[in-house]
Amino acid sequence: MNASKLANYTDVKARQLWTTLYLCAKANSKRRFHALYDKIYRPDILATAWRRVKANKGSGGIDGQSIAQIVEEYGESRFLNEIYLDLKEKRYRPHPVRRTYIPKPDGKKRPLGIPTIKDRVVQMATKLVIEPIFEADFRDCSYGFRPGRNAHQAIAQIRKASKRCYWVVDVDIKGYFDNINHEKLMKLVEMRISDRRVLKLIRQWLQAGVMENDQFHETELGTPQGGVISPLLSNIYLNYMDTIWENQFSHLGTLIRYADDFVIMCRTKQEALESIQVLMAILNKLELSLSKEKSRLVNIWDNSTGFDFLGLHHRKFPVFNKGGSKVFAMSHVPAKKAMKDMRRKIKEYTAPRNKLFLSLEELVKGLNRKLRGFKNYYFISPIAKRWARRIDWYVIERLTIFCNKKRSKRNKHAGKLKVIQNTQGSLLKLAG
C-alpha cells in the first residue's frame, strides 16, 4: 500500500472511530466512557494526529525538535513508534511548554505556550478520541473550534437574532485562558470520561508548567494558548455556562459564543440587565469574572451604535425601500482594529527591501493570497464595499512605493496611475 492510500485508510479508520463515539455519546447523555486510552495509541490514530500536526506546521518546544528535523533526519516512522511504545508502556511524560509572546494590534502581547512536537501529536490523538464524546453535549450556541462550525455561522446567527432584538450584552471574560480552574475543569471532564489513564494525561498537560527565559514556572491555573487540546478543554469549561443558559435563561436572550468571546442578544434593556446579573453568577461559579473595561451594553435600535465581535463591527445600517421609507437592517463591516491589522500585514509584506528583487507581477501574486483571505472573511456584506475600497487604495499606494523604490524615486505618489494601469488585470479588487 503506497503512502497516499495508507493515509486515506488511516483517516477513514479515525473518522469511523469519531462517528462511533459520537453516536454512543449522543444516544446516552449520562454515559461515562471507561476504555479510551488504548485508542489514543492506535497506529491509525497516531498517524492521523501526526499528519494534522505536520500540516499545521509551527515551531518546536523546549526540546528543540522541529517538524522538519523529524521528517528529514529523525524519521517519521521511528518518531511515531516511540510515541506508541511510550503510551502503551505508560512511560509518556509531557514537557513544560515554551513561553513566547505574540504582538496584539493594541500594542500589548499575548502569551503563547508552545508544546513539543511529541506532546502536540499525543494531544491531537487524545483530541481525536475524546472530542466526539463532548461534541455530543456541546450546545448550538457555541461556534468556536468545533468541527463543521465557523465564525460566519455565528455572525449569521447575530443577523437573525437582530430582527427581534435591540439590546446586546457584549461580554469579555477577564484573562479566560489564564484563569481556568483545573479541579473544576477535571470534574466536567469526568462527567463523561472515567478512564483514569486519559484523565491522568489531561491533568499532566494542565500541570506541565512553563519554561520562560530558562526559568520553570508551575501552572496552577489555566490552559496554555497554543496547545492542541486547549481549545477543546476551554469549550468543555464554558459549556457549563451554555447549558445553564439554554436550560434556564434562554427567555432573556440569545447566547452566541465563539470560544471565550460571546454576546447575548436581548429584546429589552431590562432583559439585558438581568442577563448581566445571571452571567456574573454563572461565571462566579467557574471562578471567572467579566472585564468591566471591555464588556458593554449596546442599543442597536438604529445606526447610532454597534459592537465589535470576531473582528467585525456589527451595526444596523439604514436601508431605503422603494416607497422611500427607511428601515434599519443588521450588517457587518471590518472593525477598526481589523482594518489597521490588514494595513499592517500589507505593509509588512510589501515593505522589506529583499522584496525589491521581485517583479511587480510576482509581488502582486503573493499579495493576492493575503487579499483573498481578507475578502473571504471580512467583506461578507454589500455595505462593506466602502471599507474594501479603502484597502484597495492602500494596496495601490504600497505598490506605488514599491515601484518607486525599485526606480530610486523619492516621491511616494509618483507613478500611481501607471501602477493602477499595470495591476488592473492582476490585482484582486476587494470592492469588486
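Me: What makes A161 count as buried, and in which helix is A161 placed?

Reply: A161 has a relative accessible area of 3%, and buried means under 20% relative accessible area, with exposed over 50% and partly exposed in between (1.4 Å probe, protein chains only), so A161 is buried. Its place is in helix α7, residues 151–161, where a helix is a DSSP run of H or I with at least four residues, a strand is a run of E with at least two, and numbering starts from the N terminus. This is a predicted model, in which local features need pLDDT of at least 70 and side-chain atom pairs count only at pLDDT 80 or more, while totals for chains, interfaces and linings use all residues. Residues are numbered from 1 along each chain as its sequence is written, and side-chain values use heavy atoms, with hydrogens and water left out.

Me: Which residues does A161 touch, not counting residues up to four places away in sequence?

Reply: With contact defined as heavy atoms within 4.5 Å, A161 touches T254 and M265 once residues up to four places away in sequence are not counted. A161 and R139 are 22 residues apart in sequence, and their C-alpha atoms are 17 Å apart in space.

Me: Why is D86 called buried, and what does D86 touch?

Reply: The relative accessibility of D86 is 12%, so D86 counts as buried. D86 is found in helix α5, residues 76–88, and touches R91, Y92 and K118, again not counting residues up to four places away in sequence.

Me: How many aromatic pairs are there, and why is the pair of Y37 and Y41 called edge-to-face?

Reply: Rings of Phe, Tyr and Trp (its six-membered ring) pair if their centres lie within 6.5 Å, and planes under 30 degrees apart count as stacked, over 60 as edge-to-face and the rest as tilted. By this rule the count comes to ten aromatic pairs. The centres of Y37 and Y41 are 5.8 Å apart and their planes stand at 70 degrees, so this pair is edge-to-face. Both Y37 and Y41 are buried, and together with Y84 they form one aromatic cluster.

Me: What makes F317 and W387 an edge-to-face pair, and which parts of the chain does the pair link?

Reply: The separation is 6.4 Å centre to centre with 75 degrees between the planes, so F317 and W387 form an aromatic pair of the edge-to-face kind. The pair links distant parts of the chain, 70 residues apart, with F317 in strand β10 (residues 312–320) and W387 in helix α14 (residues 385–406). F317 is buried at a relative accessible area of 12%, and W387 counts as buried at 14%.

Me: How do you know that the charged end of R390 sits over the ring of W387?

Reply: A charge sits over a ring if NZ of Lys or CZ of Arg is within 6 Å of the ring centre and within 35 degrees of the ring normal. The charged end of R390 sits over the ring of W387 at 5.0 Å from its centre, and R78 lies over the face of Y74 at 3.9 Å from the ring centre.

Me: Why do β9 and β11 stand at the edges of the sheet?

Reply: Three strands form an open sheet in the order β9-β10-β11, with antiparallel pairing. β9 (306–309) and β11 (326–334) each have a single partner strand, so one side of each is left without a neighbour in the sheet. Two strands pair if DSSP finds at least two bridges between them, and β9 and β10 pair over four bridges in the antiparallel sense; among the bridge partners in β10 are H313 for D308 and H314 for F307.
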